[in-house]
Amino acid sequence: MYTLDPGLSAPCEMLVRTFVKRDTLIFQMMTHGSEYTQRNRTDRPIRSLTAIDLFCGSGAVTSGLKEAGFRVLAAVDVDDVACQTYRMNHPEVKLLHGDIADLDPAVLKKCVMGELDLLAICAPCQPFSTQNRKRFGSDERAQLLLMTIPIIETLLPRAIFVENVPGLGKTEVLPNFKSALQRLGYTPNDPVVINAVDLGVPQRRKRTIMFACRDGSVAPVDFAKLSRGKSTSVRDWISDLPPPPIGRPPSCVDPLHIARKHAPITLERLKHVPKNGGRRSDIPEALQLKCHRGLDRGEFPDTYGRLAWDEPAPTITTGCTDLTRGRFAHPEEDRAITAREAACLQTFNRDYRFAGNLQQIATQIGNAVPPLMMKALADPIATALGAAREPMHTE
Ligand SMILES: C[S@@+](CC[C@H](N)C(=O)[O-])C[C@H]1O[C@@H](n2cnc3c(N)ncnc32)[C@H](O)[C@@H]1O
């Protein structure tokens, strides 16, 4: 079965029917979208730049694209909870909820009037991550990037943006993807590794970025030359948040800003970790987790470590509210950071809403491309796409 938003228009209802595959409804679709135009400096109407967000998760890429002036027409993700989050924050976008492997590209094509400007593809990074011991050989998700080729072939967007962990560049997936793009008439750039901290994000987060444009009609974008944003720190982004309530308060102002209720032994451990830093090895051996006893100082060094007020955070991962998963203790309070603090360090707006339980929310936050990073990358893309396009001849 599928559910439809009350605001779904008749043409979109027809689209929903096209999701039927082998007598099974695979996708759900939501929309509140309406056409609109912008005006350029000479007050001539110009069509908004358009984008589609594949593997949209909670919608961080969509947020950054919207901030850069793109109109996001559609988005795709398989995860129920991430789709709920996406819908709450981007109700105007047509959300296709389902497995990309089952998506008929013609369905996406119907979401686009005319030419699509940008296809953003942020496929799961776990298969390429250095932390993934399974590695990409046995992880089926490694093929998801290549599964977007039929979509590209159908949509023929003017440009394609790919974001992933640097490990992607070390696999055969990326060259295979680039070759497929070239066969379709695209000119892919050499992937470049960008650190989010260089784009004004209060977090060290290295990501591989690839951009491809069709038929050389759009100027290549040199992301390596992006100007270094003002450097920001943990203090700039979370120090003004009020102290969070602990545990499960019956009511609270922000359901994301609730501190975990730590066990007495965890609080005892944290007392030994110096403010603004510290590491697991600062905890006396007798108090260490059993699995950490006898380990060298260099093993799991960040576990139980605190963030430092005046430095960027380490990479915010899906374990970002768990002291045993990395340097995720508050700089001075004896607790793990809250989901809201993690979301702020990922540069989500303070009023961004998330569906799910704490672990599901942390997963969405850790998976996200920081919206501010996405905006910084999308700005020059918008400039290149806008410069290569004629104003719309209507009105
Ligand atoms: C790295 S996250 C993307 C994060 C998102 N771009 C953002 O900025 O918030 C990868 C996403 O791919 C989705 N995903 C994984 N396998 C998928 C599939 N087979 N079809 C569609 N989406 C999938 C996951 O649910 C996850 O939300």
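Me: How are the residues numbered, and what pLDDT do local features need?
Reply: Residues are numbered from 1 along each chain as its sequence is written. In this predicted model, side-chain atom pairs count only at pLDDT 80 or more, totals for chains, interfaces and linings use all residues, and local features need a pLDDT of at least 70.

Me: What pLDDT does the protein chain average, and over which residues does pLDDT stay under 50?
Reply: pLDDT is the predictor's confidence in each residue, from 0 to 100. The protein chain averages 84, and 84% of the residues score at least 70. The stretch where pLDDT stays under 50, for which the model has 61 contacts beyond four places in sequence, is residues 1-42.

Me: How many helices and strands does the protein chain have?
Reply: Helices (H or I, at least four residues) and strands (E, at least two) are DSSP runs, numbered from the N terminus. Counted in this way, the secondary structure of the protein chain comes to 12 helices and 13 strands.

Me: What share of the residues of the protein chain counts as buried?
Reply: A residue is buried if 20 or more other C-beta atoms lie within 10 Å of its own, exposed if 12 or fewer, and partly exposed in between, with C-beta atoms placed from the backbone. Of the 395 residues of the protein chain, the share that counts as buried is 43%.

Me: Among contacts between residues at least 6 apart in sequence, what percentage joins residues at least 24 apart?
Reply: Two residues are in contact if their C-beta atoms, placed from the backbone, lie within 7 Å. Among such contacts in the protein chain between residues at least 6 apart in sequence, the part that joins residues at least 24 apart is 66%.

Me: Which residues come nearest to the ligand?
Reply: A residue is near a molecule or strand if its C-beta atom, placed from the backbone, lies within 6 Å of it. The shell around the ligand divides into 15 nonpolar, three polar and four charged residues, where Ala, Val, Leu, Ile, Met, Phe, Trp, Tyr, Cys and Pro count as nonpolar, Asp, Glu, Lys and Arg as charged, and the others, Gly among them, as polar. Helix H2 (60-67) and strand S7 (71-77) each supply at least two residues of this shell. Of the 22 residues around the ligand, those that come nearest are Phe 55, Gly 57, Ala 60, Asp 79 and Cys 122.

Me: Is Phe 55 buried or exposed, and what is its phi near?
Reply: Phe 55 is found in the loop between strand S6 (50-54) and H2. Because 23 other C-beta atoms lie within 10 Å, Phe 55 is buried. Most residues other than glycine have a negative phi. The phi of Phe 55 is a positive value in a residue other than glycine, near 60°.

Me: Why do the buried residues of H7 line one face of the helix?
Reply: In helix H7 (residues 173-183), Val 173, Leu 174, Phe 177 and Leu 181 are buried. Seen down the axis of H7, these residues line one face because the directions from the helix axis to their C-beta atoms fall within an arc of 95°. On the other side of H7, the exposed residues are Pro 175, Ser 179, Gln 182 and Arg 183.

Me: Is Ala 313 buried or exposed, and which residues does Ala 313 touch?
Reply: Ala 313 lies in the loop between helix H9 (264-271) and helix H10 (339-345). Because Ala 313 has 29 C-beta neighbours inside 10 Å, this residue counts as buried. Not counting residues up to four places away in sequence, Ala 313 touches Pro 202, Gln 203, Val 234, Leu 307 and Leu 345.
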